[in-house]
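Work through the exercises below with the sequence and the 3D structure at hand. Each task is followed by a solution that goes step by step.

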Amino acid sequence: MDFRLTDHEGNEVGPETLIGRPTMVFFGFTYCPDVCPTTLSDISGWLEDLGDDAARMNVVFITVDPERDTVEAMAEYVGYFHPAIRGWTGPANQVARAAEGFRASYERVPTEGGDYTMNHTASVFLFDAKGELVTMIDYHEPREFAVPKIRRALTEDVEGAT
C-alpha cells in the first residue's frame, strides 16, 4: 500500500501509521444516512466491550467522499463516536489508492435534485499488529461474534511480539 492522507487532527498519515498495533479500518462518508453511523456506533460499542484493551487498537474511518469530507467535517463527525476512532481524508486520488490497497470499493451515485450519495464496502477490515488481515467484520454482525474476532487480533499482537 502507498497513500498519504490526513487525519481529523491535521496530521499526515499513511499505511505505516497502522503498523505496530492491531487495526480496524472502515470506509464510509459523513453524509451516509445509515450504514456509516450504524457501523461507527457498533465499533464504539465493541471498543467499550474491550475496556482498557481498546487503547491498544488503531481504529480508522477513511472517507470515500473527500469532496465533502474535509478535515474539519471528519473531526466533527468522529467526535460523535468513541474517542479512539480516527477520521482520515485527503485528495481523491489518495483516497482511491487507499481503497485499492485495502481492496475496498466505492462509487458515486447521483440522486434526485443533482445531489449524490456513495455506495461503498460496508465491512470492517481487521488487521493484526504486523498489518496482516485477520478477518472482516460484516455489517450488522452481532457483537457476540465481532468482539471475539477483535480479541483474536489483539492476541495475535501479543503472540507476534514475543
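**Exercise 1.** Find the element in which Cys-36 lies, and decide whether Cys-36 is buried or exposed.

Cys-36 lies in helix H1, where helices (H or I, at least four residues) and strands (E, at least two) are DSSP runs numbered from the N terminus. Its relative accessibility is 0%, so Cys-36 counts as buried; buried means under 20% relative accessible area, exposed over 50%, and partly exposed in between, with a 1.4 Å probe and protein chains only. Contact means heavy atoms within 4.5 Å, and, leaving out residues up to four places away in sequence, Cys-36 touches Phe-26, Gly-28, Phe-29, Phe-61, Tyr-77 and His-120.

Two remarks apply to every exercise. The model is predicted, so local features need pLDDT of at least 70 and side-chain atom pairs count only at pLDDT 80 or more, while totals for chains, interfaces and linings use all residues. Residues are numbered from 1 along each chain as its sequence is written, and side-chain values use heavy atoms, with hydrogens and water left out.

**Exercise 2.** Work out which residues UniProt lists for "binding site", and why they can be said to gather at one spot.

The unreviewed UniProt entry lists Cys-32, Cys-36 and His-120; UniProt positions are given in the numbering used here, feature names are shortened, and annotations may be inferred rather than shown by experiment. These residues span 89 residues in sequence, yet no two of their C-alpha atoms are more than 10.1 Å apart, so they gather at one spot.

Beyond its neighbours within four places in sequence, His-120 is in contact with residues including Cys-32, Cys-36 and Phe-27. A polar atom of the His-120 side chain lies 3.0 Å from the backbone oxygen of Phe-27.

**Exercise 3.** Describe helix H1 by its span and its buried residues.

Helix H1 covers residues 35-50, and its 16 residues reach 22 Å from the first C-alpha to the last, close to the 22 Å expected at 1.5 Å a residue; the expected span is 1.5 Å times one less than the number of residues. Just after H1, Gly-51 takes a positive phi of about 60 degrees.

**Exercise 4.** Identify the residues with the most contacts inside the largest nonpolar core.

A nonpolar core is a set of buried Ala, Val, Leu, Ile, Met, Phe, Trp, Tyr and Cys residues joined through side-chain atoms within 4.5 Å. The largest has 48 residues, and those with the most contacts inside it are Met-24 and Ile-43. The largest share of this core, seven residues, comes from H1. Met-24 touches Ile-43, Trp-46 and Leu-47, among others.

**Exercise 5.** Classify the aromatic pair formed by Phe-27 and Phe-102.

Rings of Phe, Tyr and Trp (its six-membered ring) pair if their centres lie within 6.5 Å, and planes under 30 degrees apart count as stacked, over 60 as edge-to-face and the rest as tilted. A search of the whole structure finds ten aromatic pairs. With 5.5 Å centre to centre and 65 degrees between the planes, Phe-27 and Phe-102 form an edge-to-face pair. Phe-27 lies in strand E3 (residues 23-28) and Phe-102 in helix H3 (residues 92-102), so the pair ties together parts that are 75 residues apart in sequence.

Definitions and conventions. Polar contact = N/O pair within 3.5 Å; in protein donor to acceptor, adjacent residues only side chain to side chain.
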